[in-house]
Amino acid sequence: MKKRLATVAAVLCLTGALAAGMAACSTPSSGSTQPADKPAAQQPADDAAAKQGAEADLKDDAAQQQAATAEADKLKMLPQDEKAAAAAELYAPKVTKAANGADVQLIPADPYMWNTAILDGENRGCLGSSCHDSLLDTNQLLPMPHPKLWNPYDVEATTKFCYMCHSKALFMQDSMHAIHMNSAEFAEKGGNCDSCHYISPQTGEYLLWDLAKYNNAYMGITPVPNVTGDFSFTQDSITPTDQVFYYWENANHQGVTPDNDTSQAAYDSWEIAVGGEVENPFTFKLTDFEDQMVEKVLKMDCQTNPPGGAYVANVNVKGIPLSVIMERAGVKDTANTLHSVADDGWDVYPVPLSTVNEYLDDILLVTEINGEPLGMLQGFPVQLWIPPLGGCHYTKRVVNLNFTNDATEARLFQGFTNPKTGEMFNKPNTAIFYTAQGTIFPAGQPIELEGFADAYDVPMTAVEISMDKGATWTTYDLGETDVMRWVDWKFSFTPEKPGSYLIQVRGVAADGSVSTDPSQLFFNVK
């Protein structure tokens, strides 16, 4: 039943960055709406083909469901001594292959078949019963443009990738319910509240199944109090260029990515005008300052990097120090704000000059990442980097640097606030890299995990790890860290026995703040 509900749950990431939040990760493309990929004339034929495919999928699903029901009915009539073995085989959690080739089992095994036979875990949630192949692809099948999301470092995309924007814009629960409950496809599948939700027996609250299943619903997860292992970290590791995240904002918040010229001629002719409250307004080309460019290892965090998400990079960048430009311009004492304006006129995230001066030694007009010219997605030919602010301040394709005296002080973006609790969604934040949920590890061998921890403008002081759903936390102190770079941590441990496990990781920052939504990984040992 591939993709037949692709548009149904697209609400999980529905209208793109309607909240200013997801504007977060860079400067926009054009303010005008761009045409759809396919001409309108093609759409009826495409729709008919899609409908035929969906109908075929429904028939296949119906046949599979009938066969499964028949097997379950046979089991019900068996004597008790035979039923236990037959049930264990029929309701055993499935083992499949992850995209990275690892064997995965997404549901803990339990002796009562509670997780499969009773909770029906394989048929619930966004990816259950083949509703959606991927949340990253689902939103691209909407009838209108949607920002393209992705998962650097192979971090699993969950609904958390969506509610950073949808918590403030089009509330996720409203749009999700409207699309699902008014969908004939969802009804034909037998969809209901349990398809997406878990009802807490303690509070009666409806929780999203995908976010509650390991912490609240499933049996069979082995707790490990006060977990210990070998912990290390570095701030020098480099993100591969093809993993550096990007995002293009535009006036209608649909994140349509442009296709800009990345030729050498475009680089050579690029000009940036410096003006406003300065003694010496001037215009320069990037080539004018090539002999004054410097290289630094710096980080960039997406303003709306989701909890447990990895829209973060730590790379070697080369560029023109902003201090050089400001010195030549002679910025006046009357200036209080820096406006970095893109070639399409976008100027949304100015920075107080007090902040510019605080971080001036690390602010660059970047032209290279990891020894290569900026790619189109990173804003060729030049992007302003202002660590440790949120990525929305890292303007792509800068053409104007205006130093102004604004009546209202510019707002800084350094993390995203949960509007329901007032706490930070993603500051400090962590993620677990390169390991698929449900991965099966061989018993008796060390398990090695890696991830990041960061808190934008606040240095990290510790990483904490739990393997008993947060009942106990083991603290690994980091000492003094450089706020201009991420913390790349590694953790190695060997479980004492086979079973199913849940590891959670949270960060602690120098201001005492702790991750409100730890990253987590479910895995099995066999």
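**Charges, rings and backbone**

The charged end of R124 sits over the ring of W209, 4.0 Å from its centre. Such a charge is NZ of Lys or CZ of Arg within 6 Å of the ring centre and within 35 degrees of the ring normal. This is a predicted model: local features need pLDDT of at least 70, side-chain atom pairs count only at pLDDT 80 or more, and totals for chains, interfaces and linings use all residues. Residues are numbered from 1 along each chain as its sequence is written, and side-chain values use heavy atoms, with hydrogens and water left out.

Me: Over which ring does the charged end of R328 sit?
Reply: The distance to the ring centre is 4.3 Å for R328. The ring belongs to F282.

Me: How are the planes of F161 and Y311 arranged, among the 26 aromatic pairs of the whole structure?
Reply: Rings of Phe, Tyr and Trp (its six-membered ring) pair if their centres lie within 6.5 Å; planes under 30 degrees apart count as stacked, over 60 as edge-to-face and the rest as tilted. The centres of F161 and Y311 are 5.8 Å apart. Their planes meet at 85 degrees, so the pair is edge-to-face.

Me: How many residues apart in the chain are F161 and Y311?
Reply: F161 is in helix α5 (residues 160-166). Y311 is in the loop between β8 (294-301) and β9 (312-321). Helices (H or I, at least four residues) and strands (E, at least two) are DSSP runs, numbered from the N terminus. The pair links distant parts of the chain, 150 residues apart.

Me: Is F161 buried or exposed?
Reply: Buried means under 20% relative accessible area, exposed over 50%, partly exposed in between (1.4 Å probe, protein chains only). The relative accessibility of F161 is 6%, so F161 counts as buried.

Me: What is the angle between the planes of F441 and F523?
Reply: F441 and F523 form an edge-to-face pair, 5.8 Å centre to centre. F441 lies in strand β17 (residues 439-441) and F523 in strand β23 (residues 519-525), so the pair ties together parts that are 82 residues apart in sequence. The angle between the planes is 80 degrees.

Me: Which residues do ring pairs link into a cluster with F441 and F523?
Reply: F441 is buried at 16% relative accessible area, and F523 is buried at 0%. Ring pairs link both into a cluster with F231, Y476, F491, F493 and Y501.

Me: Which residue in β18 is the bridge partner of I432?
Reply: β16 and β18 run antiparallel and are joined by five bridges. The partner of I432 is G451.

Me: What is the omega of the peptide bond from P387 to P388?
Reply: Most residues other than glycine have a negative phi, and most peptide bonds are trans. The bond from P387 to P388 is cis. P388 is found in the loop between β14 (383-385) and β15 (398-404). Omega is near 5 degrees.

Me: What is the phi of Y456?
Reply: Y456 is in the loop between β18 (447-454) and β19 (460-466). Y456 is buried, with a relative accessible area of 2%. Phi is positive in this residue other than glycine, near 55 degrees.

Technical notes. Two strands pair if DSSP finds at least two bridges between them.
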